[in-house]
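Please read the following note beside the displayed chain.

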Amino acid sequence: MIYTVTLNPSIDYVMAVPDYISGATNRAQTTNAYPGGKGINVSRILEANHINNQAWGFLGGYTGAFIATTLQHLAIKTDFTPIQGTTRINVKLKSRQETEINASGPQITDAEWQTFKQQFSKLQPADTVVFSGSLPSTLPHDAYQQLIKLVVSKQANFIIDTTGDDLKQALALHPLLVKPNRDEVQALFKLTDISLNSLKIAGQQLIAGGAQQAIISLGGDGALLFANNHVYFAEPIAGDLQNSVGAGDSMIGGFLAQWTIEEEPVTAFKLGVASATATAFSEDIATQTKIRSILDHVHITEIG
């Protein structure tokens, strides 16, 4: 079983304002509300690829109820821990440039945190847990480390998509996959340049640190995979960028969907790239039809 963990989910309220003017009254051309949060996005891609999974995290208030209902309509299994606080709303403004306004998130009580951690007692060695996204400020600073140790104690696998010290500390516990982007890698290793050679060295450091496999996403410039002592490059795919939110999560979801079927990293990387690109070319998280239409355009070459 695959479990995705979103500790700080949100409603992503997307407003299209083509001629946005700062300081003026603007009228949105369209508005849409989507269930947001990096782990939730991973669940949606897994579901699009017909891979059984369950979404975990915290939900509260009318916004939490909206997310729960929407995910139910999308046929995504959930087991969220209810909280007294209200799940946040993030605003995504689409204009000549994309602007995001992200809320900090609700207060999580210690009792709610302890209840959530009890879910990890059900894990089995064949399970995989995906940790993605930011932490609510009221959780312990080592929340991810606490949860990962629970996963490891059950001999299950985990994937983590986070940054900084949380990523560094997770490496030693041998995640199945890590997926920082170029900027995150530059900050993590204090790189003075982001040339391909420099990124290759950084990716190899992620593996040396303990990751079983690593992907460095390069946005519109493609992506790098580090696996089995080899480095692979996925060429960028031309298309109309509509949505940068969720592309990285879709990369993880696609990779894990294929890995669940066949534990072959390059094939999994190909579906990950297709899923990320399909989301970037869609208004929301990609559908299976969109992903399959992109898959034949993914070209991967070994570069080291």
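1. Basis of the note. This is a predicted model, in which local features need pLDDT of at least 70 and side-chain atom pairs count only at pLDDT 80 or more, while totals for chains, interfaces and linings use all residues. Residues are numbered from 1 along each chain as its sequence is written, and side-chain values use heavy atoms, with hydrogens and water left out.

2. Salt bridges overall. Side chains of opposite charge can pair when their charged atoms come close. A salt bridge is counted here when a side-chain nitrogen of Lys or Arg lies within 4 Å of a carboxyl oxygen of Asp or Glu. By that rule the model has eight salt bridges.

3. Arg96 and Asp19. A salt bridge joins the side chains of Arg96 and Asp19, at 3.7 Å from N to O. The two residues are 77 residues apart: Arg96 is in the loop between β7 (88–94) and β8 (98–101), and Asp19 is in the loop between β2 (10–16) and β3 (30–36). Helices (H or I, at least four residues) and strands (E, at least two) are DSSP runs, numbered from the N terminus. Arg96 is exposed at 61%, and Asp19 is exposed at 59%.

4. Asp249 and Lys38. How far apart are the closest N and O atoms of the salt bridge between Asp249 and Lys38? They are 2.8 Å apart. Asp249 belongs to helix α8 (residues 247–261) and Lys38 to helix α1 (residues 38–48), so this pair ties together parts that are 211 residues apart in sequence. Is Asp249 buried or exposed? Asp249 is buried, because its relative accessible area is 4%, whereas Lys38 is partly exposed at 30%. Through shared partners, salt bridges join Lys38, Asp161 and Asp249 into one network.

5. Glu98. This residue is in strand β8 and is partly exposed, with a relative accessible area of 37%. The side chains of Glu98 and Lys94 form a salt bridge at 2.9 Å, N to O. Beyond its neighbours within four places in sequence, Glu98 is in contact (heavy atoms within 4.5 Å) with Leu93, Gln242, Asn243 and Ser244. Its C-alpha atom is separated by 9.4 Å from that of Ala16, although Glu98 and Ala16 are 82 residues apart along the chain.

How values were computed. Buried < 20%, exposed > 50% of the residue type's maximum accessible area, 1.4 Å probe, protein only.
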